[in-house]
Amino acid sequence: MNNLPKEFKFSKKLGQNFLIDKTIPKRIVQESGTDGKNILEIGPGAGALTVELASSASSVLALEVDPLLIAPLKEMFATCPNVQIEHTDALKCDIAALCDDYFGSDADVVVRANLPYAITSPILIKLIESRRFSDVTVMVQLEVAERIAAKAGSPEYGAFSIFCQYYTEPKLLFKVPPTAFYPRPKVTSAVIKMTSKIPEFSENEKELFRLVKLAFAQRRKTLVNALSSRYDKERVLNALQKLNFTPDIRGERLSVADFASLAAELNKSA
Ligand code: SAM
């Protein structure tokens, strides 16, 4: 990290916890698979992960929001023709258009990143909703990784798990202790790989996400009560019976496929 300018100060707001354990970027590269790939990196920081990505990938486009990091990053990768550093805010830019311009509109692109804690969810939602990436492998807080991969009925399971599992197949790769970073965060991190899939239940997609939102807004309530502001109780009870669910079931017990079946059933009776 000796390439940082004197005036640089680690920003909590920008989630600047940089990797200092050199084994972690290597593990991310090995376990996620980066050979010959086109890679979008969010937040290269001091370049710890970028260096490893550059050594195996076909090309790397790295988006960094902190202006103080741009010159050192450009200098660091001046002799790497397969690395492009862009000064931009990943939350605000048109990420798919940037990738189309840089890699080509038909090119397969994957994401690799050690994400800033504060913007993990909005960034992930943006990346996944863009449908531009065949996989998104990111380091996040362990708690978030567990929520993404949570199964129905577990305490971690919620609307965000369903969103991620609707569009991707998540797999927790490995955990990373606070000692791997400078400055040291208070929490444990984890690397999670989300492989994109074609959503199976797109016919009733809107209804499915409407149900999920209502069900988890009041997750302690039975599904019938949680949905009562929008759906007639009898209608929901009939749909649950048809799907062989008990009348007092809570939304947190329903898988993505179960929510899709319920959405289809309620659409039928509308
Ligand atoms: N990749 C480096 C590493 O692993 O050591 C740094 C990771 S650090 C957790 C997150 C990085 O994301 C920081 O460099 C931060 O400046 C950058 N960042 C924060 N918000 C961003 C945004 N909206 N767009 C692009 N980069 C951002």
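Seven strands form an open sheet with mixed pairing, in the order β4-β3-β2-β5-β6-β9-β7. The model is predicted. The sheet has edges at β4 (83–87) and β7 (168–176); each has a single partner strand, so one side of each lacks a neighbour in the sheet. Direction ignored, neighbouring strands of this sheet are turned by 20° against each other on average.

**Overall build**

- The protein has eleven helices and nine strands.
- Its C-alpha atoms fill a box of roughly 65 × 40 × 30 Å along the principal axes.
- Of the 270 residues in the protein, 48% are buried.
- Take the contacts with a separation of 6 or more: 66% of them join residues 24 or more positions apart.

- Strand β6 spans residues 133–141 and is mostly covered, with seven of its nine residues buried.
- Strands of a sheet pair through backbone hydrogen bonds, in a parallel or an antiparallel sense.
- Strand β5 (residues 109–114) runs parallel to β6, and six bridges join the two.
- V109 stands opposite F133 of β6.
- With strand β9 (residues 189–196), β6 pairs in the antiparallel sense over seven bridges.
- V140 has A190 in β9 as its bridge partner.
- In the strand order, β6 sits between β5 and β9.

**Helix α4 on the sheet**

- Helix α4 covers residues 95–103.
- It lies across five strands: β2 (38–42), β3 (59–64), β4, β5 and β6.
- Helix α4 runs at about 145° to β3.
- One of the strands it lies across, β4, is also an edge strand of the sheet.

**Packing of α5 and α7**

- Helix α5 (residues 120–130) packs on helix α7 (residues 159–167) at an angle of about 25°, and the axes are 10 Å apart.
- That angle makes α5 roughly parallel to α7, because angles under 35 degrees count as such.
- The crossing of the two helices is left-handed.
- From α5, the contact takes in S121, L124, I125, I128 and E129.
- From α7, the residues are F160, F163, C164 and Y167.
- By type, the residues of this contact divide into seven nonpolar, one polar and one charged.

**Residue A118**

- A118 sits in the loop between β5 and α5.
- Its relative accessibility is 59%, so A118 counts as exposed, the cut-off being over 50%.
- A118 and L61 are 57 residues apart in sequence.
- In space, the C-alpha atoms of A118 and L61 are 22 Å apart.

**Residue R210**

- R210 belongs to helix α8 (residues 205–217).
- Leaving aside neighbours within four places in sequence, R210 is in contact with R230 and Y231.
- R210 and D35 are 175 residues apart in sequence, and their C-alpha atoms are 39 Å apart in space.

How values were computed: Residues are numbered from 1 along each chain as its sequence is written. This is a predicted model: local features need pLDDT of at least 70, side-chain atom pairs count only at pLDDT 80 or more; totals for chains, interfaces and linings use all residues. Side-chain values use heavy atoms; hydrogens and water are left out. Axes are lines fitted to C-alpha atoms, for helices over the stretch in contact, and angles run from 0 to 180 degrees between N-to-C directions. Helices (H or I, at least four residues) and strands (E, at least two) are DSSP runs, numbered from the N terminus. Angles under 35 degrees count as roughly parallel, over 145 as roughly antiparallel, 65 to 115 as roughly perpendicular and the rest as oblique. A crossing is left-handed if the near helix is turned anticlockwise from the far one by less than a right angle, and right-handed if clockwise. Contact means heavy atoms within 4.5 Å. Ala, Val, Leu, Ile, Met, Phe, Trp, Tyr, Cys and Pro count as nonpolar, Asp, Glu, Lys and Arg as charged, and the others, Gly among them, as polar. Buried means under 20% relative accessible area, exposed over 50%, partly exposed in between (1.4 Å probe, protein chains only). Two strands pair if DSSP finds at least two bridges between them.
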